[in-house]
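Hi everyone, thanks for coming.

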Amino acid sequence: MAPGQRLRFCGAIAGAGSSSGVRFVVGRWVESPFGPFADVMVEDASGHRTLLAPSDDVAEFVTQTYEFDEVCTTPVSVGVARDGWDVHAEGHLAAYLRLGSRMPLGWLLRAVPRPVATSTRWAGLVDPVARVALRGVRTRGVALEGRREWYGATDLHSLTSLAGSWRGVTLGTLADVDPPCRFGFSSTPSTPSVTSVVTTVAIDAH
């Protein structure tokens, strides 16, 4: 990626915790510089952070932006139905996330015109509010290699249940994302949820 570029990723992020202590963030990107893809960031109960990426190109980009202890390139898929997400990362994660109703914040997000909600200026303006209202959440910040990021959320739904396994061990039941995940400057909301989002990443010259 060339310095000076601003890259946009349009899709949704699911964040969930589990009674086993495994917390994970699933990105389902319908538009991106890499085409449509899904990836998963996992932090287990010991704090070990793993990236599951579908290609070497995606893995390289993500590891230049976020921090991990382990990187695995493997097929990743997210099947979306009206009632949930069916997440598979071959050899590692199998999880079904049941989708709940739109949350009150989701109704507020939907009221903001999309061109405004997805702009970097808006992300900067709402960042102080996000820090207070959603523990661990930031809507702008500086990632690795000086990359600047903005998160423009446009909707928010709750997650109501979880079933599945992480590397052959059952995940247990759905729980808050607590402690927050430590992949970058921002975590997913502590309440399990799916956020519709446009992420902008600025590749700055050094």
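So, the protein chain has four helices and 13 strands; helices (H or I, at least four residues) and strands (E, at least two) are DSSP runs, numbered from the N terminus. Before I go on: this is a predicted model, where local features need pLDDT of at least 70, side-chain atom pairs count only at pLDDT 80 or more, and totals for chains, interfaces and linings use all residues. Residues are numbered from 1 along each chain as its sequence is written, and side-chain values use heavy atoms, with hydrogens and water left out.

Of the 206 residues in the protein chain, 46% count as buried, meaning under 20% relative accessible area, with exposed over 50% and partly exposed in between (1.4 Å probe, protein chains only).

Now, my strand is E3, residues 37-43, and seven of its seven residues are buried. In a regular strand, side chains alternate between the two faces of the sheet. Which residues sit on each side of E3? Phe 37, Asp 39, Met 41 and Glu 43 are on one side, with Ala 38, Val 40 and Val 42 on the other, and they are all buried.

What about the neighbours? Two strands pair if DSSP finds at least two bridges between them. E2, residues 23-31, runs antiparallel to E3 and is joined to it by seven bridges, with Trp 29 standing opposite Phe 37. Their hairpin has five residues between the strands, and Gly 35 there takes a positive phi near 80 degrees.

E4, residues 49-53, is also antiparallel to E3, with four bridges; Arg 49 in E4 is the bridge partner of Glu 43.
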